[in-house]
Every structure is written in structure tokens, then in C-alpha cells.
Amino acid sequence: MTSEKRMAPHHTALKHLVPRRPAVAVTAVALLLPLAGCGGDAEAGDGSTVTVTVGYQSKTINTVTAGTLLRSLGYFEKQLNALGDGRTYKVNWQDYATGAPITAQMTAGKIDIGSMGDFPLLINAARGKQLNRLTRLVSVTGYNLRGGLNTIVTAPDSKLASLKDLRGKKVSTSIGSAADGTLVRALQRAGIDPQDGIEKLNQQPAVGASALSAGSADALSQFVAWPGLLAFQGKAKALYDGAELNLPTFHGVTARQDFAKKRPAVLEAFLTAQSQATDYLHDHPVAASEKVAKATGLPAEVVHLYNGGHGIATFGLALKPRLISALKKDVAVLKSAKLVGDIDVDAFVDDRYVKRALGTSAYGEQLAAVPPAAVSEVWTKGAAETRTFNSPSSLLRYVAGHKDSVRAAYVPDTTTGTLWFADKAVWVADGDALRPFVTASGARAYTAEHEGARTLPYAEALARAAAAPESS
């Protein structure tokens, strides 16, 4: 099978054609309430001029191919200009912190195309049906087949050692988000009632991050890029890796059905542009990370953790059956929280536009593509490309000998494969091997099953790697 990180849909036509609004605080619960004055289409114009409104989340960086990166590259505007239908097109980009306000604006007829995570997508579907403003899931952006895009973190000096320690604690999350879904499922597996077993704080990511730092929250469950950002800044450590659930999580693109029917060529132009942005990310991962960092203010090292060539997120447009199956399982979680009723996921998914945009053959290739195996990776200062290593021990040996030139070093969790910063990982010495883990609980589980294995500080892991023979 083809590796999706490196497999990009190459269409001759595409290659020739192409080379903030403030965040609104709207909770998922509020989306279930009737909207007053739901009038007007987002698509505006006098007939010869058409404005297309796109809602995106700049800091939710595994949507960049339909948002931040796509906007910075200008591909959508170029595709619209190439339509040749006699109209002038303008794109109104609206930036939000979460998917909830995008849904509110879409069902009010004020946004044509939006991108958001899997749980918000379901609320989008439910809300659209409730208000008879139907929306459709038309493509995927970034995904992780194990669920590694969501992480639960605690303060760096927290005494909480495992998920079970969250019982009775204050946990910040954004209710109705994919990160909330990870929290609910993880707590259930740990034998904790997700409603009564903890004190859940419904907060936007930035507010939750501040609450964690201030000590008013014991833990934070959030989606990309917040866990990696806080860990990089030394403001948090990972308590639970969402990939432990081994359930896919993804973000996708949704469009208003009436808009798609009225302007199918415009929607296909958007998806063609998304495909081009995906090609760019695959072909120029370091440059893409730098572009997204510049547009969002996020450290490029954090962007690359998720979106790099071997990052936590895999990018592709195809509506893979495995992702849709996971979406159907998500409905039960939202129903138990009384955020949605029954949802017809099959009716919500509409792949006809992306198939036309990519072409049947390229779409089939994307459906069959699989994520690449996780590898250790170093980004050196000033480099336009990263270096990969065949083992975490080899990476540590390199880092030990090039400390002044290393910008960032990434290693995959030994059990889940989730990429993490080497200096933030929990390291285990197992004979001659050095094995990294995202969480201390993951490292403890490993040492319990491997006689003689022990955890050790990062500095000691570096020293051991430097002293080891090249073949180890």
C-alpha cells in the first residue's frame, strides 16, 4: 500500500493551475438551542461578484490544509480565478478557536465551508438537521488512526501519576470536542464516571491552559496543538496519550448542502486547492511548518510535532471507511452527554465533490494509502529538511554530539507510536536499548513487563547513547 504522508495526488491540471475574525465563545451545549434570525446566505454578491466565506481554526493545526496553510498559499483564490465563468470571486476567511462557533455560523447561513474535529462535525450534522440547514462532510484534513491527536496533560510538578488519579479532580476540556470525547472514553476505561467522577470544567483551550498553570484545574484534556505546545513550553507533562484508546480521530471539511448544490464548482475548487495544500505539506514539511508558525504565532517546533513528515497527524482528503466507522461510534458518546440525538452519519457523508476534485484514480489511491511507520527525527537549526534515524538510541547519540545545532528532536512512543519531544519523553533503559514513552504510566507499564528495565532521566539517556557503540 502507499504511504499517505508521502503519497500526494498528482494531477497534471492541478500542477499547472497552481504552481481574523476574533474567536467567538460558543459551547457545544449552546449549539442545541434555537437560533434567532437565521437569515442570509454566506455566499454574497451582485451576480458577477461572489464572496465565499470559509470558517477555520488557525491554531487547530491538523486542519491547516483547509485553513491556515491553504490561506497562506492562496491556492483557493487561484482555483476560483481559474473557473472562467465570468464571475469575480472573493474569499472571506473567518478564524475561530473551536468548531462550535463555525457550526453556529453555518446553520445561520453565514459560513459556506468550515473545518472542525470529528465530535464537532457530528454536532454540525445534528444542528443542521434540527434547523433544516443541512450540512455535509465533504473531505478529511488531518487524522490519527489511534487517537494520538488528543492528550490529557497535568502541571509539570503534579503528583497525579495515572488516569485513575483524576477521580474527584478538576479537569478542563471543551465539552463536545474531540478532546472531550477522549477524556470520556479514557475515564470509562479507568472505571471513573465521566460525569460524576470528576469535576469537568467546560473551557476553551486557552482558558483551560491558563487554569492549569494557575492551579485551578488539575488536568487539561485538549486537542492539537495545545498539549504539545504546553509540553514544549515546560508548562505541562503528558498524563494520558489519546492513542492508548486505539480509536481513530480526525478533522474534516463540512459544507452547507444548499451552497454545495448551488455552487458545486466552487466547492470542488476548494477541495482541489485543499489537495494542492496537502501536496505542499507532503513535499515541503519544514517550510509548511514555518508558514503555519508564522501565521499562528505557534512555535514551528510544535507545528512540526503534529504536521511534519513523520508527525502525529496524517493528511489526506479521502473519507476512509475506518474514519467514518469511528465517527459512527462517536455518536453514542455525544448522545450520552445529551449533546445530540440520533445522527444519520451515512447521510452526512458526501464524497461526490472530493471524488470529482481529485479524480477517481487519485481518490482510490488515497483511500488505500496508509500512514507511514513512526520514526525518530531531528530538525537542525537552519535546515530545510529533517534527519531521520532508525532508532531512538541513534537519535540520542546524534543529539548528544550536536547539542548546539539541534532545533528539535522527536521520538515515537514505544507502545503507541505517538511522536513526542525527545527531551519531554519518559525514557526507559531496557538492556542496551533506550525506549521513549509519552507518559510516565506508559513507561511504568513497560518496565513492569520487562525484567531489568528501568526509567532514567533524559540527561542519563543522552549519556548512555553517547557512550554506546554505533551498532546499538
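Which residue in E10 is the bridge partner of Tyr 143? It is Phe 250. Before going on, this is a predicted model, where local features need pLDDT of at least 70, side-chain atom pairs count only at pLDDT 80 or more, and totals for chains, interfaces and linings use all residues. Residues are numbered from 1 along each chain as its sequence is written, and side-chain values use heavy atoms, with hydrogens and water left out.

The protein has 19 helices and 18 strands; these are DSSP runs, helices (H or I) of at least four residues and strands (E) of at least two, numbered from the N terminus.

Back to E10, residues 249-256. Eight of its eight residues are buried, so the strand is largely enclosed by the rest of the structure. Buried means under 20% relative accessible area with a 1.4 Å probe, counting protein chains only. Thr 249, His 251, Val 253 and Ala 255 point one way, while Phe 250, Gly 252, Thr 254 and Arg 256 point the other.

E10 runs antiparallel to E3 (residues 113-117), with five bridges, and Ile 113 stands opposite Ala 255. Seven bridges join E10 to E4 (residues 135-144), also antiparallel. Pairing here requires at least two DSSP bridges between the strands.

Now the largest cavity, with about 120 Å³ of space. A cavity is a set of points, on a 1 Å grid over the protein atoms alone, where a 1.4 Å probe fits but cannot get out; lining residues have an atom within 4 Å of a point. Among the 16 lining residues, those closest to the centre include Thr 182 and Thr 249. H6 gives the most to the lining, four residues.

Technical notes. 1 Å grid on protein atoms, 1.4 Å probe; cavity = no way out; pocket = protein on both sides within 12 Å on 5 of 7 lines; lining within 4 Å. Points joined across faces, edges and corners; volume = space filled by probe spheres on them. Buried < 20%, exposed > 50% of the residue type's maximum accessible area, 1.4 Å probe, protein only.
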